[in-house]
Structure formats: structure tokens, C-alpha cells
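Please look over the sequence and the three-dimensional structure shown here before reading the report below.

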Amino acid sequence: MHNVLVSLLKDEESWKLLRQTAFSSSEEKCSRELEKIGKKIARKCEGLPAAIIQVGENLRGKSFEEWETLSEKEDPLVITRDDHTPLSKALILSYMMLPQYLKLCFLYMGVFPKHYGISRSKLIKLWLSEGFLDPNVKIPSLEDIFENHVDLLFCGSVVWEEKDNSINIEVVAGTHLDQLISRSVVLSEKQTSVDDETTKSCRLHFTFRSLCVNEAKSEKFFHILKKYTDCTPENILGQQRLCVHNNVLLAFTQVHEWMESVPNARSLLCYGPKQPYPIALPMCFKLLKILDALAIRFYEFPHQILALFHLRYFAITCDGELPNSISRLWNLQVLIVCQHHNIKLSNNGPIYLPIEIWKLHKLKKLYCQGFDLPPPTPDDSGLVLEKLLTLSGVSVHSCTKEVLSRIPNLKRIAVQIESAHDSIETFNFFGHFASLYQKFESFKCVVVNPNLRSQVVPCVPKFPVNITKICLSGCGLPWNNMEVIAGLPFLKVLKLRWYAFCGPVWKTTDVQFPKLEFLMLEDLDIEHWESGGKPFPRVRHVIFRHCYKLESIPEQLKFTWRLEVNDCSLSFVEKMRTWRSFVPAHQDVLSISGS
């Protein structure tokens, strides 16, 4: 079932509706001071008409002081089962009508702070690590699929794997999020590059977030720690998950002692503002599955964490090196390690993760900013990360054949070159991918502080033929090297940023980029993009950003469904406006900003 998405009002429209509701009589006057406070309250309603009307009714006949008190609260309304207002009843009904498999996923979204932009990929990682979706579920029969998962099938989201007869669990998790959005209980904020119907990031409206937080607390599903009083034993006793929205609370010894009253907590999520100084983490949760402490800085790795061998998801900001005993966390599926200051001098060698990282055989996602995977010893054939699908934040030192051959199912990699002064031979790693991987999806390479006077990367590599997404930055390639990328038969997304390619003219032909749907050119020195024939037969979305010298592009792009021009020359902007004036209204999606 797909519900109609609710349109949210703008700030001025919100205030107008609030004023009309709060002041039932046209004779009632609103002072300037009250109007200022009222607009603040209206903004906090986040454009939802039903919420604005409910708040307006609550404010009817109230004093100036009561208006002022409400304006200082985080939310203008609190949604609970005990509140019998029409809005609360409607929201509770929406929640109760969710299928059981969606209720847990929906409630979990309340763990994030208000206005938090929730990444689709992060949310799915957390859902899976929590065990909300069983990765070992088997498809019993096609009849059962049609009976029990017909909504998933219509969305094209059940993936049949002939080898193991199982559902692609990440795709199913993504479908759960899409269903929550279609039911209007979750708001979509940003779409993916190739699909305007697939959400890349989302958020909760404050009304639904209030519902999530209160339902979760009463069901002991999770509890928010924002004030000192939130941490008392009577508030946290029996809670399964603790969500810290004020990390300073963890600096209090009393809070650590109180947390000992919930030794069976399964998740500790620290989403408060980032702290520049170290704060101790409570280590009393022996059954912890998820520990997200990216917002807390550690000078050295906290060795007490090594006792939490149930961990599936572990994220930390640590300036020190990981210990050799990291292999004790043998259940890890997601490991995220960041440095507070990622500064490297050109004469410094790579900082490697411990060799025991290869013993984490359940690892699926590894993000290690500032660290590299060490090459395993040739005589140890057991050091293989057979389940690792995503590797991000590493340098070229992690991209040797010795390393990549031990990650047989890798599908996505993001490489960062720390210095443009690296030897040009270090870029030979490009060639390994085509020889090692057949089912490779995404490649990203960023050269930090590239030398703009010379070509950084010697040539475009031979990419795996099935690759669908390429993002390059700082490589300094000439445009005539684009032919290798242009011939990839399944490439859908191409993002070229900051000196990825250089030169005034790019020439394309009609046989290139047969499947490309999304193209971004950002911070390039290109002046003319020339094309013969009809290239890009499937392109739907093109972005030009900070291309100050750009003057002309192929006329075939005139009919692109979405064309974005951000901070380019005035002459180019005017040309785009003229172009789109000839495009039929139902096709015209032109976005211009910063010009």
C-alpha cells in the first residue's frame, strides 16, 4: 500500500495557519512580540498542517508567558498513547497499522537526535547488526513469496539467489525503509544518483520522533540520555539500548555507576555533539552488539572494548593504533575507525591495521580512515576476508594484489591518496581490479592536494567490465583518456570532481556511455564539451558545479530530465535558461543556484 505523501508548509504559511487557529476571532490582535514568538513555534512544527492546527488549538486563549514557555521547549507537542488529541490518535493509528516487521525498524529511527540526517546505508547497517532482519532466512517457495511478500515483489526488491536460495538481506532492509517513506511515517530528504524514488538520506518529523521515543521508552526498546536525570536507575532499568545525545554525561562517575544497573543492554549509541577531549565509555555491557562512539575522541584504543566479543557494529574515533588482539571481536560485521586529526607527512609510511584484522571472518564493511590493510604472509592461506564487501578510507598501500586477492567478494572500494608526491608507480593498483573481480560495483579514488601542474595518475585503468559507479577526484587525467571509462557497458554513475580530468575540451561520440544515467562535473577547468551523434541515450540527471570556464555542452542534453547548474559563469547559466524554455513543461527540471 502506498499512501499519498504529505506536503509540508513553508515558514510563512505555517505561521499564517497557526495564527488563524490560535486566534479564532478576527478581532483578536497579535502583538509584534507575540508574532515573533509565534513564528518560532510555527517553525518548530516543521510544516505539518495537522501539528500546526493542534498547537494552535492548544494556544487558544493562552497568555503571553505560556506562548513564551512553549517556544522554549524542544517540541511544541508530545505524542503519547495517553494523549487523546486527534493528532495523537491519528499518529498512533498509523503506527499500529504498520506490519510487525516494520514496527521495529520504525521505532529504531528514534535513536537519532532531532533533525539528524539519517543515512540510508548507515541505517541499514544498524538494522542488520541489531538482528531485525534474519540473514539466514530461506525462501520456502514461490507461492509463499507471493502470499507473504507481495508488496516487496511489486517494488522489485526481492532478489532470488540460485546459489543459496536466500533473500538479499540488504535489499530487503532497503525496501523496509522505502515502505516506511511510502506510508509517510518517514520523510525522504535526498535521493540516490540514479533513482529519484530511492532515498539516500531521511529523517523523522518531530511528531513521529516523539511517538518513537515515548513508545520505545515504555517498551524498554531504547532510552534517550540527554539530561543528568535521564540516567537515573529508575529511568534506564531494563532498557535494551542507550542513546547518548549529550556525550558530556559520560564524564560523570555517577552516570557510569548507574549504567551498571543495565548490564544486559545490547546497544550504546553516542550521537551527541563531537567532543574534542577524551571521555571514558562505560564498559559494563557484556552483551553489547552495537557500539557507535564516533563522536567521542580517544587518544589510545580503549582495551576494555576487547571483552565485548558480541560486538557486530563498532565505530570509534581513535588517534592510537588498534591492538593485535582486535581479533577477539570475532563477531564484527561493521568496523569503522577514524582518526581525530588525519595528518600525514609525505615522508611517512603507511599506518597499518594489525595483521589480526584478517581473522575477522564475519566482517562485511571496513572503513579505516588513515589506516591500511597489512599484506598477509603468503604461507597463511587462512587469512581471507571472504565476506568483506566494502572497503573505504584506505590508501594505495591496501590495493596490492597480495591484499586484494584475499578479499574475493569485494564490491565497493574508496581509496584516498594522501600525497600527490607519491611515486607514480603507486597507481599501478588500478590494474588489479579488472583481473581479480568480475562482480565489482563501485570505485572511488580521491587524490588529496593534487599537483595541478602535472598529471597525477599516468593513465585510466582497465576497470572491471560490470562496474556501475566511478568517482574520481584530483587524478589530473587528460580528456582523451576518458575513452576507457566511456566504453564501460554497465556504468550508471560517473562523478568527476576537483581536477579529476583537465583540459579545455572534452569530445564524446554517440557510442559512448550506453547505460550512464547520472553525470557530475565539479571544479573542473573544462571550457567546451563537444559531441558527435547522440551520446548518453539514458542519462537523466546532469550536474555542473563550480565549472567557471564552461561555455558549451552538447545540445542533446537540452532534454535531460534533471539539469543542475551550481555556481557557474553567468553566460552559461543564461544559456541553460534559454535552452530549458524550449523544453516541454513535464520534462523541465532545471535547478540553478549560486550564480
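The report that follows takes up a pocket, some salt bridges and the strands of this predicted model.

## The second largest pocket

Rolling a probe the size of a water molecule over the atoms shows where empty space is left. In this model the second largest pocket holds about 780 Å³ of space, and 29 residues line it. Those that lie nearest its centre are Glu74, Asp75, Leu77, Val78 and Ser210.

Which elements each supply at least two residues of the lining of the second largest pocket? They are the helices α3 (49-59), α4 (64-72) and α11 (206-218), together with strand β4 (223-225), and the most is given by α11, with 5 residues.

## Salt bridges

Side chains of opposite charge can pair when their charged atoms come close. Counting a side-chain nitrogen of Lys or Arg within 4 Å of a carboxyl oxygen of Asp or Glu, the model comes to 19 salt bridges. One of the pairs is Lys365 with Glu170, whose closest N and O atoms are 3.2 Å apart. Because Lys365 lies in strand β10 (residues 365-368) and Glu170 in helix α10 (residues 169-182), this pair ties together parts that are 195 residues apart in sequence. With a relative accessible area of 10%, Lys365 is buried, whereas Glu170, at 28%, is partly exposed.

Another salt bridge joins Lys227 to Asp230, with the closest N and O atoms 3.6 Å apart. Here Lys227 is partly exposed at 49% relative accessibility, while Asp230, at 12%, counts as buried. Salt bridges that share partners also join Glu12, Glu35 and Lys39 into one network.

## An open antiparallel sheet

Strands of a sheet pair through backbone hydrogen bonds, either parallel or antiparallel. In this model, an open sheet of 3 strands has the order β1-β3-β2, and the pairing is antiparallel. Because β1 (118-119) and β2 (187-191) each have a single partner strand, they stand at the edges, and one side of each is left without a neighbour in the sheet. Strand β1 is joined to the antiparallel strand β3 (residues 199-203) by 2 bridges, and the bridge partner of Ile118 in β3 is Cys202.

Where do the side chains of strand β5 (residues 241-244) point? Arg241 and Cys243 point one way, Leu242 and Val244 point the other way, and all of them are buried.

Strand β5 runs parallel to β4, and 3 bridges join the two; His223 stands opposite Leu242 in β5. Strand β5 also runs parallel to β6 (residues 267-270), to which 4 bridges join it, and in this pairing Cys243 stands opposite Leu269 in β6. Together with helix α13 (residues 253-259), the strands β5 and β6 make a right-handed β-α-β unit.

Technical notes:
Residues numbered from 1 in each chain as written. Predicted model: local features only at pLDDT ≥ 70, side-chain atom pairs only at ≥ 80, totals over all residues. Heavy atoms only, no water. 1 Å grid on protein atoms, 1.4 Å probe; cavity = no way out; pocket = protein on both sides within 12 Å on 5 of 7 lines; lining within 4 Å. Points joined across faces, edges and corners; volume = space filled by probe spheres on them. Buried < 20%, exposed > 50% of the residue type's maximum accessible area, 1.4 Å probe, protein only. Pairing = 2+ DSSP bridges. Right-handed = clockwise from strand over helix to strand, strands pointing away.
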